[in-house]
Amino acid sequence: MTFRELYYSRRSTRSFTERGLDREEIRSLLDAAIHAPNACNAQSWRFWVVTDPEVKAKFASEQICAPWVASAPVIFVLGADSTWLRNRFGERAEQFVLQDTALAAENMLLAAAEMKLGGCIIGAFHEEKCRALLDIPENIGIHMLLPIGEASSEVPDRGRKPMDDFVTYVGDDYSVPREYHRIPFVMRGTSLPGAVFEELNLIGATYEDVNLAESKFNNINMHAVKFTDINMSAASFGGLRLDESSFGCVGMQKAEFTNVDFTGAKFTNCKFNNTDFTECDVTGMKVDRVDMVNAVRFPRRWSAGFYPKSTFFDVNLRESTFEDVTLDEAKFIGVSMKNASFRNTELTECDLSGMTVDGISVEDAIAFYKENKK
């Protein structure tokens, strides 16, 4: 999971299963908290970890906070001792410690998301009742509650308003047109065979567990789209932009792509059996780390034919087979031919400078042969 995927996956969770958190999980969350940025590295934060069922129940019965908080397997109480910072910065220290605990809480929520857990920051609580329940000293300010646990159900993405609604650029303007500000489209668990998608902006969309067999996509912007467990057999794609998209477990049997931009796209666990690429730019494309430009130009098997003025430059021809082939005026530069097979192959007027076979210079061998033939 990339960091971007991680922060997109975080949700405010308010309903939990009965699964408790073990010691390692709790300490991992706390470890994330104490590695957050903080003012002067004073590390003024303090944490209370509440797992006792009777004490958790009192968060509800004594009306310290919303009753659902008590259902979490663990309630973290976050506070701070501002004494040291107050001696240095005065009243401004209270703002600093609030920032510190907020940063710690965000680290904990991201760590929870990575562990497939959820949580929610609670600012609406009765501070003095909480202080009395947990016997928290008066010099500690209590800033928030953070219940964390396994979500009892999937929490939907509530989306965000357009970024530029909140941003003021001073200098270069990095804003984008309004049509790019839509909340990313999400489609899950849907069957739409034969659907037609035309002239749409689907930037950042998510398609998961969807049947789109025989669908048509025309002039669609799918920049950074994610496809997972999708059936797109016999679908047709024309004028698409799919740069930086990712494809996982996607069925595209007999699909057709015309004028599609796949720049930066990723395909994982996909099958391309009997796939035909015609007049395509495959610069930089790699399959299992093999550069496709070289692979396309230099196939594993060369059948009978005449190949004049071929140039082999910095390519891997290991285990290739040349059979009944004539290579006229060919050049071999930086080529690996380990375990290659040459059957009835003729090299005429070829540049073999520096070429060796089992450590023997080919040029020297030819010169030796010609000399002795005389």
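Is R86 buried, exposed or partly exposed? I looked up its relative accessibility, which is 36%, so R86 counts as partly exposed. I used buried for under 20% relative accessible area, exposed for over 50%, and partly exposed for in between, with a 1.4 Å probe and protein chains only.

**Ground rules.** The model is predicted, so I kept to local features with pLDDT of at least 70 and to side-chain atom pairs at pLDDT 80 or more, while totals for chains, interfaces and linings use all residues. Residues are numbered from 1 along each chain as its sequence is written, and side-chain values use heavy atoms, with hydrogens and water left out.

**Overview.** I noted eight helices and 25 strands for the chain. Helices (H or I, at least four residues) and strands (E, at least two) are DSSP runs, numbered from the N terminus. Of the 374 residues, 35% are buried. I then took contacts, meaning heavy atoms within 4.5 Å. Among those between residues at least 6 apart in sequence, 36% join residues at least 24 apart.

**Sheet.** I traced an open sheet of four strands, ordered β1-β2-β4-β3, with antiparallel pairing. The edges are β1 (45-50) and β3, each with a single partner strand, so one side of each has no neighbour in the sheet. Two strands count as paired if DSSP finds at least two bridges between them. Strands of a sheet pair through backbone hydrogen bonds, either parallel or antiparallel.

β3 (residues 118-119) pairs with β4 over two bridges. In that pairing G118 stands opposite G149, and G119 has I148 as its bridge partner.

Helix α5 (residues 92-114) packs on the sheet and touches β1, β2, β3 and β4, with its direction at about 10° to that of β4. Helix α6 (residues 127-134) lies across β1, β2 and β4 and runs at about 80° to β4. I took axes as lines fitted to C-alpha atoms, for helices over the stretch in contact, with angles from 0 to 180 degrees between N-to-C directions.

**A112.** I picked this residue in helix α5. A112 has 0% relative accessibility and counts as buried. Not counting residues up to four places away in sequence, A112 touches L29, L117 and I148. The C-alpha atoms of A112 and L29 are separated by 6.8 Å, although the two are 83 residues apart along the chain.

**K56.** I placed this residue in helix α3 (residues 53-61). A salt bridge is a side-chain nitrogen of Lys or Arg within 4 Å of a carboxyl oxygen of Asp or Glu.

The K56 side chain does reach the backbone oxygen of P73, at 3.3 Å. A polar contact is a pair of N or O atoms within 3.5 Å; within protein, one must be able to donate a hydrogen and the other to accept it, and residues adjacent in sequence count only if both atoms are side-chain atoms. Beyond four places in sequence, the contacts of K56 include V50, T51, A70, A72, P73 and I75. D52 caps the N-terminal end of α3, with a side-chain oxygen 2.9 Å from the backbone nitrogen of E54.

**Salt bridges.** I listed five in the structure. E150 and R19 meet at 3.6 Å, N to O. This pair links distant parts of the chain, 131 residues apart: E150 is in the loop between β4 and β5 (186-191), and R19 in the loop between α1 (3-9) and α2. R86 meets E94 at 2.7 Å, N to O, and E94 is partly exposed at 30% relative accessible area. R131 meets E128 at 3.4 Å, N to O. These two are three residues apart in helix α6, about one helical turn. R131 is buried at 6%, whereas E128 is partly exposed at 42%.
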